[in-house]
Amino acid sequence: MREEQHSQSHACAGCGVKLQTEHPEESGYLPEAALNREPVICQRCFRIRNYNEASSITVDQDDFLRLLGSIGSTDSLVVHIVDLFDFEGSLISGLQRFVGNNPVVLVVNKVDLLPRSVNLNRLRNWVQKQAKAEGLRTVDIVLCSAKRNIGFEHVIEAIEHHRKGRDVYVVGATNVGKSTLINRLIHDYSDMERELTTSRYPGTTLDAVHIPLDDGKSIIDTPGIVYPTRMTEIVPRGFLQALLPDKPIKPLVYQLNDQQSLFINSLVRFDFVEGKRQSFTFYISNALSVHRTKLERAEQLYADHRGELLGGPSREELDDMPAWTRHSIRIPRGAKKDIFVSGMGWIQANGTSGAIVDVYAPKGIKVLLRDSLV
């Protein structure tokens with residue numbers, strides 16, 4: 001009985017969910033024998049930490065929006081973490097509506113993935129422009145890499161400067177590096193021994209985790225919101241490692257004539273339909289492969305070789321994913337544009353004479369034309 005109470009009143013130190021010993025299939029489960037472990041973490045966090053496995057419990061979208069909505073009635077600083085590699089896919093749409101008048105610091109993670117030649121000031125201006133177009137007002141924009149520990153002192157400085165003795169809410173989509181960042185904050189701000197569970201799998205933090213600060217306030221880590229419009233949410237879990245770059249991207253440049261097609265593994269097809277000969281630069285994970293063919297042969301090539309010669313996921317796994325939708329995109333003359341595919345990266349159009357391209361991607365995945373990032 002005492003142990004049962006112990007588990008009922010405790011939250012998992014890794015993901016914040018309420019612990020329980022009764023129902024293995026539900027969130028917060030841990031075997032009774034594990035109650036004496038320090039720190040006390042649920043079985044799911046234990047597996048992620050020790051075996052890099054994940055179970056499929058995720059936070060419900062409505063619960064997440066309720067949690068976001070409650071921030072508006074507090075007086076706090078909101079830190080919104082986005083993934084530079086998936087900027088439009090990881091920005092929380094309508095965040096301004098939820099946070100009310102609370103100031104927002106936009107932390108742009110994973111800058112280490114871009115080629116070193118990229119000018120950081122230009123990058124910051126690009127982020128500011130895109131955020132503004134999405135209706136997000138920010139008091140500060142900080143570029144960093146939580147994993148490589150680049151620019152992290154600027155994140156701390158920005159939080160200190162704008163916090164003014166308030167609680168800090170950290171919000172972000174899944175897989176943007178939120179837990180890595182929070183662990184750094186725990187390390188810098190608090191004498192707590194625990195670390196949050198970090199993994200490559202979407203939706204790792206299940207409940208709001210309160211991290212006490214020395215001045216009696218808290219950092220509140222919220223669950224990662226799951227956006228099914230991102231490729232990272234729909235590929236098989238075993239394929240995430242190939243999709244998510246973990247070192248600087250080596251851009252791939254292709255000189256194309258119109259009526260040529262390129263496949264990115266078996267996940268995306270890019271057709272250069274019409275335009276003068278020009279080059280396109282692919283900014284995708286180095287673990288993915290690109291195959292070139294003639295447009296007239298593309299359909300047959302895909303039918304014969306998807307999941308095999310064209311690269312994973314396997315045929316069976318592809319059958320479980322949504323069928324392709326075609327996005328027809330007109331690239332205007334004289335404009336530097338990217339064709340962005342959420343969760344996979346982007347293709348920069350380098351020509352100035354304009355072009356018409358078709359992009360085939362799984363139904364529901366966000367595909368759009370934007371101003372060039374690089």
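**Exercise 1.** In this predicted model, find which residues line the second largest cavity and how they divide by class.

*Solution.* Step 1: list the lining, which is made up of Asp 83, Phe 85, Asp 86, Asn 175, Arg 230, Thr 232, Leu 244 and Gly 343. Step 2: sort by class, which gives two nonpolar, three polar and three charged residues.

**Exercise 2.** State what volume the largest cavity has and which residues line the largest cavity.

*Solution.* Step 1: the largest cavity holds about 50 Å³ of space. Step 2: its lining consists of Leu 91, Ile 92, Ser 93, Gly 94, Leu 95, Gln 96, Glu 134, Gly 135 and Leu 136. Step 3: by class, this lining has four nonpolar residues, four polar and one charged.

**Exercise 3.** Explain why strand E13 is described as largely enclosed by the rest of the structure.

*Solution.* Step 1: strand E13 covers residues 337-341, and five of the five are buried, so the strand is largely enclosed. Step 2: check each side; Lys 337, Ile 339 and Val 341 are buried on one, and Asp 338 and Phe 340 on the other.

**Exercise 4.** Identify the strands that pair with E13.

*Solution.* Step 1: E14 (residues 345-349) runs antiparallel to E13, with five bridges joining them; here Ile 339 is opposite Ile 347. Step 2: E16 (residues 367-371) also pairs with E13 in the antiparallel sense, over five bridges; Phe 340 has Leu 368 as its bridge partner there. Step 3: look at the hairpin of E13 and E14, where three residues lie between the strands and Gly 343 has a positive phi near 85 degrees. Gly 343 also belongs to the lining of the second largest cavity.

How values were computed
Residues are numbered from 1 along each chain as its sequence is written. This is a predicted model: local features need pLDDT of at least 70, side-chain atom pairs count only at pLDDT 80 or more; totals for chains, interfaces and linings use all residues. Side-chain values use heavy atoms; hydrogens and water are left out. On a 1 Å grid over the protein atoms alone, a cavity is a set of points where a 1.4 Å probe fits but cannot get out, and a pocket is an open set with protein on both sides within 12 Å along at least five of seven lines; lining residues have an atom within 4 Å of a point. Grid points are joined across faces, edges and corners, and a volume is the space filled by probe spheres set on the points. Ala, Val, Leu, Ile, Met, Phe, Trp, Tyr, Cys and Pro count as nonpolar, Asp, Glu, Lys and Arg as charged, and the others, Gly among them, as polar. Buried means under 20% relative accessible area, exposed over 50%, partly exposed in between (1.4 Å probe, protein chains only). Helices (H or I, at least four residues) and strands (E, at least two) are DSSP runs, numbered from the N terminus. Two strands pair if DSSP finds at least two bridges between them.
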